[in-house]
Amino acid sequence: MRAGFPDFRLGKVLATSFTGTLSERHGDAVERIPTPQRLIDWLAVNGLAVDSCTTAQLDLARELRESIHAAATAAAIQDALPASAVQVINDRSAQGRAAAILTSEGQRRWRLSSASCVEDALSVIAADAISLIAGERDGKLALCASPTCQAAFFDTSQSRTRKWCDMNTCGNRQKKARFHANQRKNPRSAE
């Protein structure tokens, strides 16, 4: 990771990992792709390497990220999907020229157009979001229980009752806060 920037929160689901490039949305927001180069870095880490990125393309990426977050949040709480978010997701999905390819190890990878442009990578992310929101995968969209985070995540646990977008950050922070609150309520006697 590049010095001076917060680490990426990498998950197993591309679309919700992408929405995680803006975290703590209801607290002190942390922007993890503040520059075009940082978006290039995130895409490369996620198997969608591009050659370059302009400020306008970064703006398109952020618009897609916020649209996915809005639609995933609505889906998680079983609310109507925002029409504007659906339009952005559909537009980004249709604008790319990416193709799924099968590796010799039996894994799916994405091949972007020969120009390796950001729009191709965004189309892959948008298509992943469509798959999640449409309910095509085994799992369910949920919202992080952290009051400052509330990130959308894809719960594939057996019981589908996961509470945190990431146990190492939000879950750990909440458990620590609960522990310290209990310590204040029940201080040990100094004998």
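Predicted model: local features only at pLDDT ≥ 70, side-chain atom pairs only at ≥ 80, totals over all residues.
**The largest pocket**

Begin by selecting Gly11, Lys12, Thr16, Arg162 and Cys165, which among the 18 residues lining the largest pocket are those that lie nearest its centre. The volume of this pocket comes to about 470 Å³. If you then colour by secondary structure, α1 (14–19) and β6 (152–155) are the elements that each give two or more residues to the lining of the largest pocket. Coloured by residue class instead, the lining of the largest pocket shows seven nonpolar, six polar and five charged residues.

**The second largest pocket**

Next, select Leu14, Asn46, Arg108, Arg109 and Trp110, the residues nearest the centre of the second largest pocket, whose lining is made up of 15 residues. Its volume is about 400 Å³. To see which elements contribute, show β4 (108–111) and α5 (118–133), each of which supplies at least two residues of the lining of this second largest pocket. By class, the lining of the second largest pocket holds six nonpolar residues, together with four polar and five charged ones.

**The enclosed space**

Rolling a probe the size of a water molecule over the atoms shows where empty space is left. In this model there is one cavity of 30 Å³ or more, and the largest cavity contains about 50 Å³ of space. To find the largest cavity, select Thr19, Gly20, Leu22, Arg25 and Ala151, which lie nearest its centre and belong to a lining of 11 residues. That lining of the largest cavity divides into four nonpolar, four polar and three charged residues.

**Two positions with positive phi**

The last stops concern the backbone, and the background is that most residues other than glycine have a negative phi. Select Glu24, which is not a glycine and yet has a positive phi of about 55°. Glu24 sits in the loop between β1 (22–23) and β2 (30–31). Is Glu24 buried or exposed? With a relative accessible area of 10%, Glu24 is buried, because a value under 20% counts as buried.

Then move to Gln78, another residue other than glycine, for which phi is positive and near 55°. You will find Gln78 in the loop that runs between α3 (55–76) and α4 (83–95).

Technical notes
Residues numbered from 1 in each chain as written. Heavy atoms only, no water. 1 Å grid on protein atoms, 1.4 Å probe; cavity = no way out; pocket = protein on both sides within 12 Å on 5 of 7 lines; lining within 4 Å. Points joined across faces, edges and corners; volume = space filled by probe spheres on them. Helix = DSSP H or I, 4+ residues; strand = E, 2+ residues; numbered from the N terminus. Nonpolar A, V, L, I, M, F, W, Y, C, P; charged D, E, K, R; others polar. Buried < 20%, exposed > 50% of the residue type's maximum accessible area, 1.4 Å probe, protein only.
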